[in-house]
Amino acid sequence: MSASPPASPLHGQRILLCVGGGIAAYKSLELVRRLREAGAQVQVAMTAGAQQFVTPLSFQALSGQPTRTTLWDDGAEQAMGHLELARWADRVVVAPATADLLARLAHGMADDLVATLCLATEAPLTLCPAMNHRMWRHPATQANVAVLAQRGAQVLGPEDGPLAEGESGPGRLTEPAAIVAALAGAAAPADPGDGALAGLKVVVSAGPTYEDLDPVRYLGNRSSGKMGFAVAASAARRGAEVVLVAGPVSLPTPPGVRRVDVRSAAQMREAVFAAFPADLYIGAAAVADYTPREPAANKIKKSSESLALDLVRTPDILAEVAAQTTHGLKLVVGFAAETEKVAEYARGKLAAKRLDMIVANRVGIADGGFESDTNAMTAYWKDGERAFPSAPKTRLADALVDLIAERLQA
Ligand code: CTP
């Protein structure tokens, strides 16, 4: 007799799916199907634009509930008023979240049913943007998303790749399976922690660094900081005193964590050493390896056909931390993002930097790595390794911190 699989954390969850007016609206049909397969109850509200791409009837057939399309529907309002619907939801998911919808939500507008529901609900909000890549990159859209993220919205995607209009870039709706995985991660009861790190001080670095070229330009990278923030949150839940040295990212500070914001590799190094003494150092930041020898005092003007930058190596914070002996560190953990020969390169860094552990993940694959909410990774130490299959970063962070607590005892 085989045991039945454990219920998804989405089982019994009430999800209000708001569909915006973009071509990716058709993918939201699959999202409804997958959410229902995971055991969630789904109600759908559509903007007027969304109805140009997919019919309310299609959503109705898949959700098993009447689709809501307008604030001014007497019949629907009698069955369940829109404020009641906003209260009903355990989570509101906006997919696709178009540029227009993000702008309206950022401004707290209530000019149609979807915007009103998002304004009236107290449920957590997940936004899945999808649009033309130029619209996504526009500072107005970026500012709107930043405002919504700061207010606590979970932002999934958009993904990079071919777009409907024949162009390519960031703008694709995150695949429904990945949205469901991220929602399941968010719906899972928070790991209460177990005091495994009680009495220990942990310094975590996270996010990218920006190396200024001149007053308006910098060299940066695509690290989102999500993994480092999740590790800091997890260590704090396990009773540690946590200092999080964060590069430029717009993520909320996890509860119980002291955060120090920095910009460059040099500033990160200074903040890390200022946080010592500590028991553990976890270097999850994607620190720039090179920085301009002399950032220009004024904006660099274009002159010749090509421009060579004079860059110098940044201090390797992780190697420096691992090499010092005065700060009482019990364990130093590094990260490695590799595109090939993951184990070989990771073990090379473990030895070269004299680390106690290195956590490696493959980047450049569709699901996982920088900017993604999910990831798969392997931790290596001198005489062992442990693989963590693809999971939301919050889950991976818990598993990793458990392993770190285990290795501390070893
Ligand atoms: N790191 C650091 N300081 C630097 C560069 C990297 O502390 N100046 C840390 C990162 O926080 C991460 C690890 O080192 O924990 C990454 O190792 P690294 O050898 O820098 O990886 P890559 O930059 O990917 O190296 P390479 O380009 O040689 O693969």
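**Ligand site and backbone features of the predicted model**

By class, the lining of the second largest pocket comprises 18 nonpolar, 12 polar and 7 charged residues; here Ala, Val, Leu, Ile, Met, Phe, Trp, Tyr, Cys and Pro count as nonpolar, Asp, Glu, Lys and Arg as charged, and the others, Gly among them, as polar. The model is predicted, so that local features need pLDDT of at least 70 and side-chain atom pairs count only at pLDDT 80 or more, whereas totals for chains, interfaces and linings use all residues. Residues are numbered from 1 along each chain as its sequence is written, and side-chain values use heavy atoms, with hydrogens and water left out.

The pocket is lined by 37 residues, of which Ala285, Ala286, Val287, Phe335 and Ala337 lie nearest its centre. A pocket is an open set of points on a 1 Å grid over the protein atoms alone, where a 1.4 Å probe fits, with protein on both sides within 12 Å along at least five of seven lines; lining residues have an atom within 4 Å of a point. The volume of the second largest pocket is about 810 Å³, taken as the space filled by probe spheres set on the points, which are joined across faces, edges and corners. Elements giving two or more residues to this lining include strand E8 (201-206), helix H11 (226-237) and strand E13 (280-283). Helices (H or I, at least four residues) and strands (E, at least two) are DSSP runs, numbered from the N terminus.

The ligand takes the space of the second largest pocket, the criterion being that more than half of its atoms lie within 2 Å of the grid points. Helix H13 (317-323) and strand E16 (331-338) are the elements that give two or more residues to the shell around the ligand. Of the 14 residues around the ligand, Gly283, Ala285, Asp289, Pro315 and Leu318 come nearest (a heavy atom within 4 Å). The shell has 7 nonpolar, 3 polar and 4 charged residues.

Taken alone, the ligand exposes 580 Å², of which the protein buries 74% (Shrake-Rupley method, 1.4 Å probe).

A cis peptide bond, with omega about 5 degrees, joins Phe276 and Pro277; Pro277 is in the loop between helix H12 (265-275) and E13.
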